[in-house]
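Please open the structure in a viewer and keep the selection tool at hand.

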Amino acid sequence: MAGRSVPVQDRDYIAIMPEDEIRAKVNQYRGWIESDRRRGNDTHSIEVEYCYLSEELKLREARRRAHEEFLRRNPQSFDEYDYEYNEN
């Protein structure tokens, strides 16, 4: 893994990272993993970070889908909240 700087991020830091930054790192790490595998280099540390970042993306996407589904099924819930919030 010559020349690769793969900082170890804890889950709390990853949770507050902007989504575009996570996506960029996932793409970057995926490329590094593929490249290093072709060269026969060890990819374990990159794969660990890739997995943490990829899992965070999956979690956010699932949360977004669940929220969109909730709003689709309960449009009045948001409207009532918005109305009450703006009244006060």
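**Helix α2 and its surroundings**

Begin by selecting residues 19-39, helix α2: its 21 residues reach 30 Å from the first C-alpha to the last, close to the 30 Å expected at 1.5 Å a residue. The expected span is 1.5 Å times one less than the number of residues. Helices here are DSSP runs (H or I, at least four residues), as strands are runs of E of at least two, numbered from the N terminus.

This is a predicted model, in which local features need pLDDT of at least 70 and side-chain atom pairs count only at pLDDT 80 or more, while totals for chains, interfaces and linings use all residues. Residues are numbered from 1 along each chain as its sequence is written, and side-chain values use heavy atoms, with hydrogens and water left out.

Next, display the side chains of Glu19, Ile22, Val26, Tyr29, Trp32, Ile33, Ser35 and Asp36, which are the buried residues of α2. Buried means under 20% relative accessible area, exposed over 50%, and partly exposed in between (1.4 Å probe, protein chains only). Then move just past the end of α2 to Gly40, which takes a positive phi of about 80°.

Because Tyr29 and Trp32 are three residues apart in helix α2, about one helical turn separates them. Both residues are buried.

**Arg60 on helix α3**

Now select Arg60, located in helix α3 (residues 44-73). Is Arg60 buried or exposed? Its relative accessibility is 11%, so Arg60 counts as buried. Leaving aside residues up to four places away in sequence, Arg60 touches Ile14, Ala15, Ile16, Met17, Pro18, Glu19 and Ile22; contact means heavy atoms within 4.5 Å.

**The whole chain**

Finally, zoom out to the protein chain, which has four helices and zero strands. Of its 88 residues, 23% are buried. Among contacts between residues at least 6 apart in sequence, 68% join residues at least 24 apart.
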